[in-house]
Amino acid sequence: GLTFEKAIHRLGGSAIDVFFDSVAGRTMRVLAEGEPHRLLSAVANGYGVLVNFGERSYRRTGERSADFVFAHEYLGAYHTAGIFEFAFDRIYKIPLRIEFVPRTLVDFTFKLSW
């Protein structure tokens, strides 16, 4: 069934279509095509344009992997995971695996691989 966590995950994912319909989203999508690391490296700055809270950082850890660190991410891990997974599906048509490493409710790391 649909749990609270799955509902929040879907809400995050639904934001992707709205964002990619915007000028900033269309630009990010064009620049990111073909290379997931390009998308991920732009995400931290993109968040700064859209929201006025939190800190985010990206670190490439391999050809098909990266760490994404969140501090004061008030949307939470389930919502944010939905954003990342749906974006990968829309742009690259590949599944994104997220290993969630919590520090607090609003501070966490995603270990990403695809």
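**Aromatic contacts**

I searched the whole structure and found 14 aromatic pairs. I took rings of Phe, Tyr and Trp (its six-membered ring) as paired if their centres lie within 6.5 Å, with planes under 30 degrees apart stacked, over 60 edge-to-face and the rest tilted. The model is predicted, so I note that local features need pLDDT of at least 70 and side-chain atom pairs pLDDT 80 or more, while totals for chains, interfaces and linings use all residues. Residues are numbered from 1 along each chain as its sequence is written, and side-chain values use heavy atoms, without hydrogens and water.

I looked up Phe88 and Trp114 and noted a tilted pair, because the ring centres are 5.5 Å apart and the planes lie at 55°. This pair links distant parts of the chain, 26 residues apart: Phe88 is in helix 4 (residues 76–92) and Trp114 in the segment after strand 4 (108–113). Helices (H or I, at least four residues) and strands (E, at least two) are DSSP runs, numbered from the N terminus.

I recorded Phe88 as buried at 1% relative accessibility, and Trp114 as buried at 6%. Buried means under 20% relative accessible area, exposed over 50%, partly exposed in between (1.4 Å probe, protein chains only).

I then turned to Phe108 and Phe110, whose ring centres are 5.3 Å apart with planes at 40°, so this pair is tilted. Phe108 is buried at 0% and Phe110 is buried at 1%.
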